[in-house]
Amino acid sequence: MKKKLLSFLLAGTMAGLTLTGCGNDNGNDTGTPAAEGSGTQQVSSSPEETPQEEPVTLRIASMDNPYAPKSYANGTPVTDALQEATNVKIEWELSPDAQQYETYTQTILSAAEDMPDIMTSVYGQDPRNLYEAGLIVDLKPLIDSVGVHTKKYLEEHPDILGMITEPDGTILSIPTIQDGENFGHGLMIRKDWLDKLNLEVPATSDELLEVLRAFRDGDPNGNGEADEIPCTITGTYNLDFSWPYMFKISPGRDFDADPDGKVVYPPIEDSYKDFLKYMNTMYSEGLLDSMFSTRSSEDWNTLINTDKVGMVQGWVTNLPTFNANEGQEWIAINVPAGPDGTSFSVSVPTITGKNFITKDCKNPEEAFRFLDYVWASDEGRMLAVYGIEGLTYEMVDGKPQFTDYVLNNPDGLSTTEVLNSVGANHKLPRISDASLAQATATEEMNAWNEANKAMMRKCFPSFEIIMTPEETTAKAESGFSDIWTYKEEMKARFIMGKDDIDGYWDTYVQQIKEMGIDEVIAIEQAKYDRFLEAQGAE
Ligand SMILES: [Ca+2]
């Protein structure tokens, strides 16, 4: 094990030397040969100066390890490996939790002097303001000059490039990314109830209605009373996920784009009307919980735990909790095919942390070279996700697999705690994938996840695309929040039959238009066009 660890560290060190070597082409006036021992007659004016062996010191401000016993300040195997590989010595400025980190950043940013080289953002912080105040630098030129791995990653993931590019073409932060393609929202159903009633997993929207009718009438909880709620949900907003995908519409992120690049507002599209009609059928037949619009998550859990509910929509990672109820067997199902014989699911990568280089950084290229390795190099990504070879993972048939030390930790730590304890899942920028979730999920869950991914389409990341200040103001003043509220109220009224869908649809659409939806669509169209343009540009 030690040998493997050593060889890993050595490989990292060599990569670091190579990178540092590249750096000598810039800003080094001693004329150090690019390659030592190449047999040329050129001799450095000061041979004892070997800058590539001098570690670069970087001050980094961040939240500390969520696994408190192992502070980054004392070193962890992963942060040590990152420093060794990049020939960097980190001077940490750590805060134990989000609140204290926020206080720290407020203090340091308002003082605006002697800032650390690299800082991670606090939630909701807009890098634009920091850039305009002259506190942070544009990373775009650094990506172009030294961001070898970052460039490659962004070329392979143009949607991420589109999401991190500012309206003026600058890139102000390197984010932590969750790929958004795994173990997200889904439909979950009582497999034991299906079995009891001799029913198959529903594959179409019509079969789903049949199954829910059987749940309503067949006393699957076996208490002799018709007390089952075939399907429940917590509030109207959650209906925007999974259910509309049977009708090939995705209203959950406010806007969407059609294949021709035209931005649409799903709640006024005809397919949304079909979705409402379906949910109205569910409601009027007693298949959807009559209290769906006001259910809290506490109610939801109570109904599940008391054996009253046959189907829900939500995070599929809840399944183990549901299945902890004795006698209950929950499974995730793929979105049933709708009237046209198909359906889809939706993914959007999410950005959960942003990392800046400040104006006080003496050597932005060295700082970025470090971020580049940590964030986007193969080695950096392995360290972030899998930790240390031989300790937290082994290569088996060319693929990393978590060791027992992670999956069945001798000290009883959870999988996440083990990885945090070695410094993986760190607070520096990282690209997170579903490896751990996959390694700990059941075979059935992984099968569901793969099938769900196979039917996935990327949707317009309307929440993530960075807006201009003018767009932000225009959207805030557009009355869109009133449109949103009206649309939610009408969704509930249509589903509950308080307004007739066919009879009132045109009036509803007209109302949304009068409230100014076209102006908001124009703003979203400009965002979307820019998103596509950023991806097209190198
Ligand atoms: Ca019953």
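In the predicted model, the protein chain contains 22 helices and 16 strands. Of its 538 residues, 41% are buried. Among contacts with a separation of 6 or more, 77% involve residues 24 or more positions apart in the chain.

In one of them, six strands are arranged in the order S2-S1-S3-S12-S4-S15, with mixed pairing. Strand S1 (residues 56-63) runs parallel to S2, and the two are joined by eight bridges. Within this pairing, Thr-57 has Lys-89 of S2 as its bridge partner.

The other sheet consists of four strands in the order S6-S9-S5-S10, and its pairing is likewise mixed. Here S6 and strand S10 (330-333) form the edges, and because each has a single partner strand, one side of each lacks a neighbour in the sheet. Ignoring direction, neighbouring strands of this sheet are turned against each other by 30° on average. Strand S5 (residues 185-190) pairs with S9 in the antiparallel sense through five bridges, and the bridge partner of Ile-189 in S9 is Met-311. Helix H9 (residues 205-217) packs on the sheet, where it touches S6 and S9. The direction of H9 makes about 165° with that of S6.

Phe-183 is located in the loop between strand S4 (174-178) and S5. When residues up to four places away in sequence are not counted, Phe-183 touches Val-316, Thr-317, Ala-434, Ala-437 and Asn-449. Phe-183 and Ala-332 are separated by 149 residues in sequence, whereas their C-alpha atoms are 9.9 Å apart in space.

Helix H14 (residues 378-386) has Gly-380, Met-382, Leu-383, Ala-384, Val-385 and Tyr-386 as its buried residues. The elements that cover these residues include helix H2 (77-86), helix H13 (364-376) and helix H17 (435-440), together with strand S13 (393-396), strand S14 (399-402) and S15. Just after H14, Gly-387 adopts a positive phi of about 85°. Two of the covering strands, S13 and S14, pair with each other in the antiparallel sense over four bridges, and Tyr-393 has Phe-402 of S14 as its bridge partner. The hairpin of S13 and S14 has two residues between the strands, and Asp-397 in this hairpin takes a positive phi near 50°.

Packing between helices is illustrated by helix H20 (residues 480-495) and helix H21 (residues 501-514), whose axes come within 11 Å and cross at roughly 175°. Since angles over 145 degrees count as roughly antiparallel, H20 and H21 are therefore roughly antiparallel to each other. From H20, the contact involves Ile-483, Tyr-486, Lys-487, Met-490 and Phe-494, and from H21, Ile-501, Tyr-508, Gln-511 and Ile-512. These contact residues comprise seven nonpolar, one polar and one charged.

The geometry of helix H3 (residues 98-111) was also examined. At 1.5 Å a residue, the 14 residues of H3 should span 20 Å, and the end C-alpha atoms are 20 Å apart, in agreement with this expectation. Just after H3, Ala-112 takes a positive phi of about 55°.

Positive phi values also occur in loops. Lys-248, although not a glycine, has a positive phi of about 60°. This residue is found in the loop between strand S6 (229-231) and strand S7 (256-257). Lys-248 has 17 other C-beta atoms within 10 Å and is partly exposed. Asp-307, also not a glycine, has a positive phi of about 70° and lies in the loop between helix H11 (297-305) and strand S9 (309-315). For Asp-307, 19 other C-beta atoms lie within 10 Å, and the residue is partly exposed.

Definitions and conventions:
Residues are numbered from 1 along each chain as its sequence is written. This is a predicted model: local features need pLDDT of at least 70, side-chain atom pairs count only at pLDDT 80 or more; totals for chains, interfaces and linings use all residues. Two strands pair if DSSP finds at least two bridges between them. A residue is buried if 20 or more other C-beta atoms lie within 10 Å of its own, exposed if 12 or fewer, and partly exposed in between; C-beta atoms are placed from the backbone. Two residues are in contact if their C-beta atoms, placed from the backbone, lie within 7 Å. Axes are lines fitted to C-alpha atoms, for helices over the stretch in contact, and angles run from 0 to 180 degrees between N-to-C directions. Angles under 35 degrees count as roughly parallel, over 145 as roughly antiparallel, 65 to 115 as roughly perpendicular and the rest as oblique. Ala, Val, Leu, Ile, Met, Phe, Trp, Tyr, Cys and Pro count as nonpolar, Asp, Glu, Lys and Arg as charged, and the others, Gly among them, as polar. The expected span of a helix is 1.5 Å times one less than its number of residues.
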